[in-house]
Amino acid sequence: MLETIRKFIRYLLKKRTEFKDLNKKDALLAKAVLDIHRKRTHSSFVQIPLFSIQQIHVIDRENAIAETQKRIQILQAARHELMQDKIFTRERLASYLPSVSGIKVVKQPDNQYIAYEGNGRLVALQSVFSATDQIYVEVEEYHFKNPQKILRRMNRVRRLNGLT
């Protein structure tokens, strides 16, 4: 237990330069993500249309903008090759846009999805491809007995980010 606390303190000390940029929408996003992990019944991997996915937050911090621009350049350079298959499996996506985790989503009743993880990759993909390209992406979908509360919170984060 003590070692876990020490690790957490070291983590916080490394992140202290980012704390000044945190605001209400970040706190609400953190609460939503915590609830997603606490209340999920299970998750599954599904292939869904790229343009059925909505981002939960904007990409507005300097380092995130720079990383997204790099990803856009990578995708643009390989666009012709990537259009051949039109499906980004988790493995294929990670080979072009490596990250710690995959794109994680929660499904809305209208068959649209909100990505709570992987928003920079999502923005890059949606910048390079269009809806008419009919690209599919393999994502991790989180399931709940009653997703309404989670979706309300996620949509509140989207509103605070000017996305609705």
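Residues are numbered from 1 along each chain as its sequence is written, and side-chain values rest on heavy atoms, with hydrogens and water left out. Because the model is predicted, local features need pLDDT of at least 70 and side-chain atom pairs count only at pLDDT 80 or more, while totals for chains, interfaces and linings use all residues.

The chain holds 7 helices and 6 strands. Helices (H or I, at least four residues) and strands (E, at least two) are DSSP runs, numbered from the N terminus. Their order from the N terminus is α-α-β-β-α-α-β-α-β-β-α-β-α. Of the 164 residues in the chain, 39% are buried. Buried means under 20% relative accessible area, exposed over 50%, and partly exposed in between (1.4 Å probe, protein chains only). The chain exposes about 10,000 Å², and carbon and sulfur atoms supply 53% of that area. Accessible areas come from the Shrake-Rupley method with a 1.4 Å probe; for residues, only the protein chains shown count as cover. Contact means heavy atoms within 4.5 Å. Among contacts between residues at least 6 apart in sequence, 79% join residues at least 24 apart.

Strand β6 (136-143) is mostly covered, with 7 of its 8 residues buried. Several strands pair with β6. Two strands pair if DSSP finds at least two bridges between them. Strand β1 (residues 42-49) runs antiparallel to β6 and is joined to it by 8 bridges. Here Val46 stands opposite Val139. Strand β3 (residues 87-88) runs parallel to β6, with 2 bridges. Phe88 faces Val137 of β6. Strand β4 also runs parallel to β6, through 3 bridges. In β6, Glu140 is the residue opposite Lys104. In a regular strand the side chains alternate between the two faces of the sheet.

Helix α2 (residues 24-39) has 16 residues, which at 1.5 Å a residue should span 22 Å. Its end C-alpha atoms are 22 Å apart, which agrees. The expected span of a helix is 1.5 Å times one less than its number of residues. The buried residues in α2 are Lys25, Asp26, Leu28, Leu29, Ala32, Asp35 and Ile36. Their cover includes β4 (104-107), β5 (113-117), β6 and α7 (148-160).

The whole structure contains 10 salt bridges. A salt bridge is a side-chain nitrogen of Lys or Arg within 4 Å of a carboxyl oxygen of Asp or Glu. Side chains of opposite charge can pair when their charged atoms come close. Lys31, Asp35, Arg38 and Arg153 are linked in a network of such bridges.

Another salt bridge joins Glu67 and Arg71, at 3.7 Å from N to O. Both residues lie in helix α3 (residues 62-77), 4 residues apart, about one turn of the helix. An α-helix has 3.6 residues a turn, so residues three or four places apart point the same way. Glu67 is partly exposed, at 33% relative accessible area. Arg71 is buried, at 12%.

The salt bridge between Arg79 and Asp133 spans 2.6 Å from N to O. Arg79 lies in helix α4 (residues 79-83) and Asp133 in the loop between α6 and β6, so the pair ties together parts that are 54 residues apart in sequence. Arg79 is partly exposed, with a relative accessible area of 28%. Asp133 is buried, with a relative accessible area of 10%. Leaving aside neighbours within four places in sequence, Asp133 is in contact with Arg79, Met83 and Lys86.

Glu138 and Arg90 also form a salt bridge, with their closest N and O atoms 3.6 Å apart. Glu138 lies in strand β6 and Arg90 in helix α5 (residues 90-96), so this pair ties together parts that are 48 residues apart in sequence. Glu138 is buried, at 14% relative accessibility. Arg90 is partly exposed, with a relative accessible area of 33%.
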